[in-house]
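Visitor: Hi, I'm new to reading protein structures. Could you put one up and talk me through it?

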Amino acid sequence: MAQGLYLYCLARLSRLPPLPLLGLGVDGRKSLAVATYQNLAAVWSPVPVEDFCGPEAEERLQDLTWIGPRVIRHQEVVAGVMRNSPVLPVRFGTIFASLANLEKVLQRHSATIAGFLERLTDQEEWAVKGMLDRGGAQEKLFSLKRAREADRLEALSPGTRYFQEQRLRAGCDQEVQQWLQKVCREVWTGLREYAAEVRERRLLSRETTGSDQDMVWNWALLMPRPAVGGFQARIQDVNAQYAPRGLRLEVTGPWPPYSFCPALDMEPEA
């Protein structure tokens with residue numbers, strides 16, 4: 001059975017604990033290993049190539065019971081390395097045929113990798129998702145509008161009052177969207193004060209998130225560690241202000257900086 005080298009991440013050799021690294025690889029059996037070039041380290045472990053390549057592998061990679069634990073172990077290895085060094089995380093399932101091929105890629109991209117790790121020193125990725133209870137937000141807005149016009153509405157006949165209330169309710173969807181755009185600009189501006197970089201990520205459907213709320217924002221923030229406290233306090237302030245209107249920020253992190261990695265050609269030169 002052919003063996004490949006499964007790559008997890010790239011890091012600074014000088015920041016790693018003494019080799020060999022402790023821990024198991026993506027298969028839960030093989031130990032971690034490190035390939036080096038100058039002050040760069042590539043953390044990998046041996047895997048059977050057929051686990052990730054070929055027709056059977058394509059079917060296996062669609063099986064959540066097989067892939068799920070391996071994705072978790074991949075993330076655990078990267079998170080473990082990140083506790084000691086800035087990391088350039090590599091996507092799940094990156095396999096090299098030989099140590100020589102991995103070392104060629106490490107050498108070819110050494111300047112880019114070293115520059116990225118230098119820039120990422122003492123910085124970490126945080127995810128911020130804006131979740132909207134759209135129906136609740138519309139109902140809250142309708143209640144506010146109806147309260148402002150309560151005296152006028154109460155003076156109307158029941159039938160006329162009903163149609164006037166329906167007219168007020170019909171405009172709530174567009175007004176909620178306009179309100180959301182305004183709040184987005186304010187929150188975005190406020191969070192950028194703490195972040196070194198910000199990336200917008202694609203919005204996920206309710207089916208994907210398993211939530212009964214709409215994802216309206218999905219941002220990745222590269223955060224200097226000294227700024228994390230202020231960032232978290234700002235998130236609490238935003239939620240205190242807008243949660244009563246159905247909008248809440250969900251924050252997770254710190255994560256390896258997947259959203260800020262440079263694109264590297266992982267194929268060795270012939």
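Guide: Let us begin with a cysteine: Cys 184 counts as partly exposed, because its relative accessibility is 21%, and the cut-off for buried is under 20%. Please keep in mind that this is a predicted model.

Visitor: Okay, and is Cys 9 buried or exposed?

Guide: Cys 9 counts as buried, because its relative accessibility is 0%.

Visitor: How many disulfides does the structure hold?

Guide: The structure holds zero disulfides. In general, a disulfide is a covalent bond between the sulfur atoms of two cysteines.

Visitor: Back to Cys 184, then. Which tryptophan is in contact with Cys 184?

Guide: That is Trp 217, and if we leave aside its neighbours within four places in sequence, its contacts include Cys 184 together with Leu 180, Val 183 and Val 187, as well as Leu 247 and Leu 249. Trp 217 also belongs to the largest nonpolar core, which has 24 residues, and it is one of the three that touch the most other members, alongside Leu 221 and Leu 247.

Visitor: Which elements give two or more residues to that core?

Guide: They are strands S6 (123–132), S8 (214–224) and S9 (247–255), along with helices H8 (172–192) and H10 (228–242). H8 gives the largest share, with six residues. There is also a second, separate core of 22 residues, and among its members are Leu 5, Phe 96, Ile 113 and Leu 120. As a general background, nonpolar side chains in soluble globular proteins tend to be buried together.

Visitor: New topic: how do S2 and S3 pair?

Guide: Strand S2 (residues 33–37) and strand S3 (residues 40–48) pair in the antiparallel sense over five bridges, and Ala 33 has Trp 44 in S3 as its bridge partner. The two strands form a hairpin with two residues between them, and Gln 38 in the turn has a positive phi of about 55°.

Visitor: What else is in contact with Gln 38?

Guide: Leu 13 is in contact with Gln 38, and also with Asn 39, Leu 40 and Ala 41, among others. Leu 13 lies in the loop between S1 and S2, and it counts as partly exposed because its relative accessibility is 26%.

Visitor: And helix H2, how far apart are its end C-alpha atoms?

Guide: They are 26 Å apart, which agrees with the 27 Å that the 19 residues of H2 (residues 64–82) should span at 1.5 Å a residue. Its buried residues, including Trp 66, Ile 67 and Arg 70, pack against S1, S3, H1, S4 and S9.

How values were computed: Residues numbered from 1 in each chain as written. Predicted model: local features only at pLDDT ≥ 70, side-chain atom pairs only at ≥ 80, totals over all residues. Heavy atoms only, no water. Core = buried A, V, L, I, M, F, W, Y, C linked by side-chain atoms within 4.5 Å. Buried < 20%, exposed > 50% of the residue type's maximum accessible area, 1.4 Å probe, protein only. Helix = DSSP H or I, 4+ residues; strand = E, 2+ residues; numbered from the N terminus. Contact = heavy atoms within 4.5 Å. Pairing = 2+ DSSP bridges. Expected span 1.5 Å × (residues − 1). Disulfide = S-S within 2.5 Å.
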